[in-house]
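Subject: A structure for you to look at

Hi there,

Here is the structure I promised to pass on. Please open it alongside this note, and I will walk you through what turned up.

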Amino acid sequence: MIRRHLPFATVAVIALVAAPLLLEPFRLGLLAKYLCYAIVALGIGLAWGQGGMLTLGQGVFFGLGGYSMAMYLKLAEGGGLPDFMVWSGVEELPALWVPFANPVFALGMAVLGPVALALVLGTLVFRQRVRGAYFAILTQALAAAMVILLVGQQGLTGGTNGMTNFFELFGQDLAEDSTQRGLYLVVAGVLGVLYLATRQLVQSRYGRLLVAVRDGEDRVRFLGYDPALVKTVTFAASAGMAGLAGALFVPVVGIISPALLGVVPSLELVVAVAVGGRHALAGAVLGAVVMGYAKTALSEQFAGGWLYLQGALFILVMTLAPKGVVGLAGRLRRARTT
Amino acid sequence: MRISRPILSGLLALALTACGSGAAPAADSDEIKVGLLHSLSGTMAISEVTVRDAELLAIEEINKAGGVLGKKLVPVVEDGASDWPTFAEKATKLIRQDKVATVFGGWTSASRKAMLPVFERYKALLWYPVQYEGLESSPYIFYTGATTNQQIIPGLDYLKEQGKKSLFLVGSDYVFPRTANKIIKAYAASNGMTILGEEYTPLGHTEYSTLVNKVMGAKPDAVFNTLNGDSNVAFFKQFKSAGGTAESMPVLSVSIAEEEVTGIGVDNVAGHPVAWNYYQTTDTPANTAFVKAYKAKYGAAKVTSDPMEAGYNAVYLWAEAVKKAGTTEVEAVRKAAPGIALERPEGLVTIDGDNQHMYKTARIGIIQPDGLIKQVWDSDRPIKPDPYLKGYPWAAGLAGQ
Amino acid sequence: MPAFLNQLPIGLSIGAVLLLIALGLTFTFGQMGVINMAHGEFIMAGAYTAFLLGDLLAALPVAFLVAGVMGLVLERAAIRHFYRRPLDTLLLTWGVSLVLQQLARDLFGAPNVQVPAPSWLAGGVGILPYNRLFIMGLAVAGVVAVWVYLTRTKLGRRTQAVVQNRQLAATSGIDTGRVDMLTFFIGSGLAGVAGVALTLIGPVGPALGTYYIVDAFLVVVAGGLGQLRGAVLAAIALGLLNSYAEFWSDASLAKVIVFAVVIAFLQVRPQGLFVLRSRVLT
């Protein structure tokens, strides 16, 4: 047991301890951002890699979490109405906003909001045995619709601009490097805990049932289980993770906008999971971090190149290494031992 | 957990490269680094690449003339990727890692709003080159494009002079059109104009037959168009094929410059008015030189447009402020900037001390069959910028005051 | 005619656009179950073909060939390895779509290009301009051609056989590989034709495909996989819905309403309007 956990523990320690010491604040902030994405990726790894539900709308849940947090941060500033409401001509704080002044409510909504939405959606969709491509396209349409809704309600959500210009979180100045370092530790910690919890879940009886649903839904039904329930619960868990990631993302990056939760960012994360290796949870996490880093690094070097590279990477991974980097590594190791 | 050694070493390598690229080279004493932050990829690249080109041209010209304070300007170009959070991230990188003296960048209001907290937090300077919706005046941003009283209001004055009594408002669903339309409605209320309709479409919308039907059914004297980007193409094509003409129902646009005309199709848009502060045809000696230099550097077929000129100006205005301050230090430059007046391609441009916007001349032009824009009206003299419209009694009560 | 009555022909013409962009998808997605995210870029390829040729009518067959060959290459080079992993093709083809978009940007430049509309399409009847009628005509012609192909030709009937039961079709001596190739060629080619038609009403630029792809998928999903009549009905219904929803609210809300209706509809009929009955255990 200890031996098996050793590599993970090493990585975790390096990430937790070494990164804040080695990286300058700007780069540490970027790493914290990638780790937020890694939390979403972990959820995708669970829903897609283990459960076979290709969700292309994880951005929706990420966004719900992010917006909940952003609403709290905007209200915590004090000084009356949030800035964007002033220039949108809103004169009184909308009723929807009022409870978000409470941090417990805001954080709760960041997780429970996505969970509730996923439960409703999952119940509706999976009961009707909508699956595979249909499910993927439905979730994609959901992401598209969500963006249009958010953009259209400018007085309530900040429209295309989204919300930005946050100053403090729980009394800590967000501009301070020490706050950002603390946030990094929180994000890394949350990712670690969620990773271990998800692994535990996957290795449990429930996890085996989930895989069985993925590989033969009808057969599982014939055995007397309810695949719709299993899928709905898993989908809700992944939505909750995405919501939490969104809530962490906002203070780390300092902005939430519809551009962060539409079709393209949702797909990019799925691709990151595929590149890392969808069937291994570690692959999902790794994929999100590597792809996030690659995007930053390559777009600093050449702008258009990122698109070519991202495209080429998908094509290569999908054709040559469908199990992702983790799968490839496993194959290499097997080749070496035999 | 079978995380293997290759992955582990990969993670380590990642962490190390991340630190490696973090080490900024020490600033060379005879160089000044300036950041250029525009979308070079994604949907906004169409517009923003040309602004970057104009800014690079200005930097090249300034360097040829001996640089600033005897030092050469070195541009550090970053890609905002048409994504607002990326703008904030890259702005942080330019300020903290590259330690640039100032940044020229942005196009959409959303990108500016995303960058604003970054510049205020690190007390760095941003020069923003595009017309926008006003109601903002950050101490760390200089606005070289028009605010509403230098573009929207002159546009309305022009329509009023033309005897247009009723308007239909068409816009993309984001901050600029919504704020612009609020101002237009207030203006109309106090100037005896009626607003027959107000419609917004999602960014990137391409199906305009319903909207055109609504416009045609309302029979306004003119349409005020704040659509953005590709939507303009679809709107004008479908407006024209539904029988809309510039004679019967002129569409006044505030986001269509020389650049966009070809993509929309000259046939579809010729004869319609636009409101800006500068056209390629603007008749000043500085503009003759600018157009010539731009075409020489980027090709004879290229056109110049208002945001490009505003970006080009921004570099010169900043350089002038640095010369006056004797240093690139931000607070000194901010103190030195007010009152700086330069003859630019659009005429005299003066930095306003109250709000760091520019005095600019408003111009209405008509799109010509050759794709260029001919001026038909101007405001005689540069207008004092008034982002909060404090000088307009009818605008009292608009948000942000 | 009152404005709201005008929305009826407008709705039909929106439906025709939806049908045209979705027609190719009923082949590649509907018949073969391949989620081709690059479908939008095949539409774009058709539009750029019209730009290069500068003549709409000549561009129609050429665009069919250009987009068809692109589809053929994609199918042979990559997709055929993925028939048992439909969700992976989604990601694969999204990668292809990114590359094609950037390629278009590098080849033709980021700004939109202009395709001159032929002079004989200027003007119109009532609320409908000739170019809209042209698109409606093209959609009808496309549907008829596809129907004739599927039901009246040997190849088409083989295609249907492969769709209904691949293994049985293969055992009966049908070369399924060839049928796949051909189906993909036709489906992609139809996207090219749609691209030519879209130059009449919309922008022609590298992002063109992204504006239409989600709508196209919605039509196929609502219509039922592989169902020509389903796609026709769904396109018309969604077109009318869009037209009236936008008329009584606004464009943003209309889009959301369309999404909501499709999701609600799938609650009632999870497999779309028409279902291909199959006894295959999934």
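A word on the annotations before anything else: UniProt positions are given in the numbering used here, feature names are shortened, and annotations may be inferred rather than shown by experiment. With that in mind, the unreviewed UniProt entry marks residues 12–35, 47–74, 133–150, 182–204, 216–241 and 253–270 of chain C as "transmembrane region".

Please note that this is a predicted model, in which local features need pLDDT of at least 70, side-chain atom pairs count only at pLDDT 80 or more, and totals for chains, interfaces and linings use all residues. Residues are numbered from 1 along each chain as its sequence is written, while chains are lettered from A and ligands numbered from 1 in the order in which they are written.

Helices (H or I, at least four residues) and strands (E, at least two) are DSSP runs, numbered from the N terminus.

Now to chain B. An automatic or database domain assignment supplies the bounds: domain 1 is 28–147 + 284–361, and domain 2 is 149–280 + 363–395. Taken over C-alpha atoms, the centres of domain 1 and domain 2 of chain B are 26 Å apart. Between them, 33 residues of domain 1 of chain B are in contact with 29 residues of domain 2 of chain B (C-beta atoms, placed from the backbone, within 7 Å). Among the elements giving two or more residues to the domain 1 side are helix H2 (45–64) and strand S12 (347–351) of chain B.

Chain B also has an open sheet of 5 strands with parallel pairing, in the order S2-S1-S3-S4-S5; strands pair if DSSP finds at least two bridges between them. Its edge strands are S2 (72–79) and S5 (141–143) of chain B. Strand S4 (residues 126–128) of chain B is joined to S5(B) by 3 bridges, and Leu126(B) has Ile141(B) as its bridge partner there.

Finally, have a look at S12(B) from both sides. Strand S11 (residues 341–344) of chain B runs antiparallel to S12(B), with 4 bridges, and the two form a hairpin with 2 residues between them. S12(B) also pairs with S13(B) in the antiparallel sense, over 2 bridges.

Enjoy exploring!

Key
Contact = placed C-beta atoms within 7 Å.
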